[in-house]
Amino acid sequence: MSRRGNNVRGPTSALTEFLRESGINPATIARRVATRNQPENQPQNQSVAGPSNLGDNVEDVPEEEQPDENTPQASTRTRRGRGRNTGYASDELDEPAEESPVKQQKSAKGRATAAAKAKAKKKAKDDGEYEGSSEDEYRAMSKNLWSVGGNGSPKPPAGSFETCARCEKQFTVTKYTMAANPPPGYLCHHCAKASGADPFKKPAVPRKRVNAAEKRNVVSYQERRLPSLATMCIELITRYIDDVEALGDIGAVNMDEIAKALSKNRGLTPQNAHLFYDVLNKKLRFYDATNLTPDALMTLASLNPNLTHLHLDYCGRLTSPVLLAFSTSMPQLTSLTLLGPFLVRAEAWIEFFKAMPGLRVFKITQSPRFNLECMQTLADNCKDIGELSLREIGLMDNEFVDPLCSLPSLRVLDLACPGIGMDEDGWMKIMGKHGSTLETLDASKHEGFTDHVLEESVRENARVLFELKLDECLSLTDEGVARFFSNWAYPISALKDEDHDMDVDSDPVEVSLISLEPFTPNPPLRVLSLARNQALSSAALTAAIVHSAQTLAWLSVNGLRSASSEALAQLKTAKELRYLDAGWCRELDDFVMKDVVTACTKLNEIKVWGCSRVRGVGWGVKRTIKVHGIEPSGGM
Amino acid sequence: MSNDVQMNDSGGEKQDDWVKITSSDGYSFLVKRSVAAISGTLKNMLSEDSSFREAIANTCPISERAAVVEKVCEYMSFKAYYDGPGSKEGVDVNEFTERIPPEVALELLLAADYLEV
């Protein structure tokens, strides 16, 4: 109301606009409330419900037209009048000009009460408080509108008889009786319920305002008026970078620490990177090279000509020319590790491999342009390669198998998270070629890495494997992995005698040949990851622990949600365990954890995200263990 | 209102005591607890919830030489003075940067990284 005093009007909803056009405002409503006991005034005030239902009900309830004659609104009235003169409501509906007002009114009719309420609410919000006098008027009104039938007369007194508008049975009016929607008339209790409305619904209680003082003071960001000391130092170092003497003498160990500190602040820039450059440098590692431009990376290559090991994390700006500059400026380079060289094109990789036949270690993560041709060139040229890591290579598919198999025997093979991946036969070939020398294998997210690959080729070939990562290999099954781990320590032929359900088609000559060789089982694993293999469960976990308990130092069983607490309790036999990720093992609880941390005295880091039964109480250990992920209010 | 004042007083008393920071070459520096709390690492060391020896003795050894520790303490005091909730005056960053001798900058960076300041 206060808004009406001035001339400022904001955008309004269609409903508000309609109400205003129809002349419905708080004043008329208030007047209506005051005079609603006088029947002769009623039709005049019933401007909303009256005309709006006309189109629908003109045929069913002829007497309903009665109040419309008194409708005061000129605009609607003329239309209505014309409509009624045609004598047929559907004609009226067909007129395009009529369509929109009718629709508008239809919606208005349905929400008449809601509208009043919403308006009141909006008002109250605008005024900033709920206890305005206008608010009371509105709520009284809305109730009134709800209970008033379509014919505009007030609801009959409780106890009187009415005929239900829908089922046409007689019923007794109570205070819960509702008006029919669409009007006119009232509904009996059954019909009211059947229509989906709750007769006993209480009017919505306005929400209590939260006191400003009670509101939590959320700090969404902290204003940093003063840069941190680390930032200041980086700035200072950058400023004096040309005057290396001024910065004092720093050992090689500290260099790495400084590199880390700089990276943590994303402070490594083309200017201060010179701090780490030296003609005699053999190894260089940058933890965050985001700010190094292609030119700066070329400078890196020319100022460190004797580098043998180069490791760049976040080298997003490393382009094809930079890679070629690496190959020309750093001829001694044998080990290259890059995280995120996604700008390098296939031709540049090929050139690089041709120029660097001495490469021993090649590890890249995320290079979407690394294709089959690159792989083929790598295999053809780099005959000394021993460690290969091609993580998250989008184009890796079955075609990569042949070049991979033509490589010399690898010690480290990491093909995790490919775009497409190899199939079962491909993995059989790869393991057949490299299995006997592999120390580290990561086949995460390979659907082709199946039980069969494990049981046949890994078991048969692997002799020095100590790190096995099989995250999210969805083809693995609980039984298959369990069988693999429980049989791994025994020669194949022994298995053939025991296990009758093994394949019978392999010829007996081969078996005898294998059994003739002196059998050296693969030593127990030191690192094992079976994370996010939801099919795996207690049997696989138990078998894996039994197999590798002696040496297992790093274990991730994240996401083995159905592993039983008995199986998890077996972890206590892994005395060498230092790192454990048991996230989302839902059966893990404090009793198991107590046993594990008591027995595994070297354990220093545990992750138990999503283990809702672990509350971190009663473990009874005094050692410092980093524990991540205990829910503060975890339910038992 | 009177309650508020009292609480501030009792909180203030603890914030007002002094803690000792020692350097590896035997120098010690006394700073207000509130100043030391600017460093995340020192704050945790001195936290009452922990039973660290540092918290009990109110003494934090920093394994850096005195020149570096001195600058760290200086920075913390500087920050405590200018970063306080009341002070709205502009901070001249150069005022402090100029006071760092370049020869300790690298060591100071490592110390700052460790101490989270």
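## Order of elements in chain B

Along the sequence, chain B runs α-β-β-α-α-α-β-α-α-α, with seven helices and three strands. Helices (H or I, at least four residues) and strands (E, at least two) are DSSP runs, numbered from the N terminus. The model is predicted: local features need pLDDT of at least 70, side-chain atom pairs count only at pLDDT 80 or more, and totals for chains, interfaces and linings use all residues. Residues are numbered from 1 along each chain as its sequence is written, while chains are lettered from A and ligands numbered from 1 in the order in which they are written.

## The hairpin of chain B

Strand β1 of chain B covers residues 18-22 and pairs with β2(B) in the antiparallel sense over five bridges; pairing requires that DSSP finds at least two bridges between two strands. K20(B) lies opposite L30(B) of β2(B). Five residues separate β1(B) and β2(B) in this hairpin, and G26(B) in the turn has a positive phi of about 90°.

In a regular strand, side chains alternate between the two faces of the sheet. In β2(B), residues 28-32, F29(B) and V31(B) make up the covered face, and S28(B), L30(B) and K32(B) the uncovered one.

## Contacts across chain B

Of the contacts in chain B with a separation of 6 or more, 61% join residues 24 or more positions apart. Two residues are in contact if their C-beta atoms, placed from the backbone, lie within 7 Å.

## An annotated segment of chain A

UniProt, in an unreviewed entry, places "domain: DNA repair protein rhp7 treble clef" at residues 159-196 of chain A. UniProt positions are given in the numbering used here, feature names are shortened, and annotations may be inferred rather than shown by experiment. Residues 159-196 of chain A are 16% helix and 26% strand, with the end C-alpha atoms 24 Å apart.

Key
A residue is buried if 20 or more other C-beta atoms lie within 10 Å of its own, exposed if 12 or fewer, and partly exposed in between; C-beta atoms are placed from the backbone.
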